[in-house]
Amino acid sequence: MWNEFKQFAMKGNVIDLAVGVIIGGAFGKIVSSLVADVIMPLFGLLIGVGTFSKLAYGSIKYGLFIQTVVDFFIIAFSIFLFIKFLNRFKKKEEPAAVVVKVDRTEELLAEIRDLLKEDKDFFRKNETS
């Protein structure tokens with residue numbers, strides 16, 4: 001059982017996923033700071049509210065919710081741009097050549113057709129000579 005777990009944990013996909021989660025968490029913190037400390041205060045000043053994090057109705061802190069939604073959209077858009085950038089460098093796979101297997105009967109009929117056409121062309125040339 002330990003060997004099975006070891007094989008599972010050491011597969012490339014699991015390690016890639018772990019690295020992605022760690023980097024994603026760090027990236028999320030950076031974006032959250034950008035939104036909370038730069039974007040939302042500027043946006044709040046434009047609207048005249050100050051900061052969104054202070055917006056609340058009683059104990060309902062809808063300003064924090066707005067800030068979290070903005071975080072999500074910035075993270076999603078950033079990931080979209082990053083994936084789009086990476087896809088430019090991916091090697092495009094060429095579609096595999098489709099091999100059409102022709103039935104032996106059809107192959108013979110095609111050969112007979114070609115031979116008859118050659119004979120017809122041969123007799124036309126000789127008639128004009």
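1. Arg 113 counts as exposed, at 54% relative accessibility. Here exposed means over 50% relative accessible area, buried under 20%, and partly exposed in between, with a 1.4 Å probe and protein chains only. Arg 113 forms a salt bridge with Asp 114, and their closest N and O atoms are 3.3 Å apart. A salt bridge is a side-chain nitrogen of Lys or Arg within 4 Å of a carboxyl oxygen of Asp or Glu. Asp 114 is partly exposed, with a relative accessible area of 36%.

2. A word on the basis. This is a predicted model: local features need pLDDT of at least 70, side-chain atom pairs count only at pLDDT 80 or more, and totals for chains, interfaces and linings use all residues. Residues are numbered from 1 along each chain as its sequence is written, and side-chain values use heavy atoms, with hydrogens and water left out.

3. How many salt bridges does the structure hold? There are two. Besides the Arg 113 pair, Arg 104 bridges to Glu 107, with the closest N and O atoms 2.8 Å apart. Arg 104 and Glu 107 are three residues apart in helix α4 (residues 104–128), so about one helical turn separates them. Helices are DSSP runs (H or I, at least four residues), numbered from the N terminus. Arg 104 is partly exposed at 49% relative accessibility. Glu 107 is partly exposed too, at 34%.

4. Asp 71 deserves a look. Asp 71 lies in helix α3. Asp 71 is buried yet has no salt bridge. The nearest side chain of opposite charge is Lys 29, 13 Å away. For charge, Lys and Arg count as positive and Asp and Glu as negative; His and the chain ends are not counted. Leaving out residues up to four places away in sequence, Asp 71 touches Val 31, Ser 32 and Val 35. Contact means heavy atoms within 4.5 Å.

5. Gln 67 is also in helix α3, which spans residues 62–89. Is Gln 67 buried or exposed? Gln 67 has a relative accessible area of 12%, so it is buried. Beyond neighbours within four places in sequence, Gln 67 contacts Val 35, Ala 36, Met 40 and Ser 53.

6. Next, the core. The largest nonpolar core has six residues: Val 31, Val 35, Met 40, Phe 52, Leu 55 and Ile 74. Helix α2 (residues 12–47) gives the largest share of this core, three residues. Such a core is a set of buried Ala, Val, Leu, Ile, Met, Phe, Trp, Tyr and Cys residues joined through side-chain atoms within 4.5 Å. Apart from neighbours within four places in sequence, Phe 52 is in contact with Met 40, Phe 43, Gly 44, Ile 47, Gly 63, Leu 64 and Ile 66.

7. In soluble globular proteins, nonpolar side chains tend to be buried together. Which residues form a nonpolar patch on the surface? Phe 27, Ile 79, Phe 82, Ile 83, Phe 85, Leu 86 and Phe 89 do, with about 680 Å² of accessible area together. Areas come from the Shrake-Rupley method with a 1.4 Å probe; for residues, only the protein chains shown count as cover. Patch residues have over 30% relative accessible area and no salt bridge; like charges are joined within 9 Å, nonpolar side chains (Val, Leu, Ile, Met, Phe, Trp, Tyr) within 5 Å. Helix α3 gives the most to the patch, with six residues. Ile 79 lies in α3 and is partly exposed, at 45% relative accessibility.

Terms used. Helices (H or I, at least four residues) and strands (E, at least two) are DSSP runs, numbered from the N terminus.
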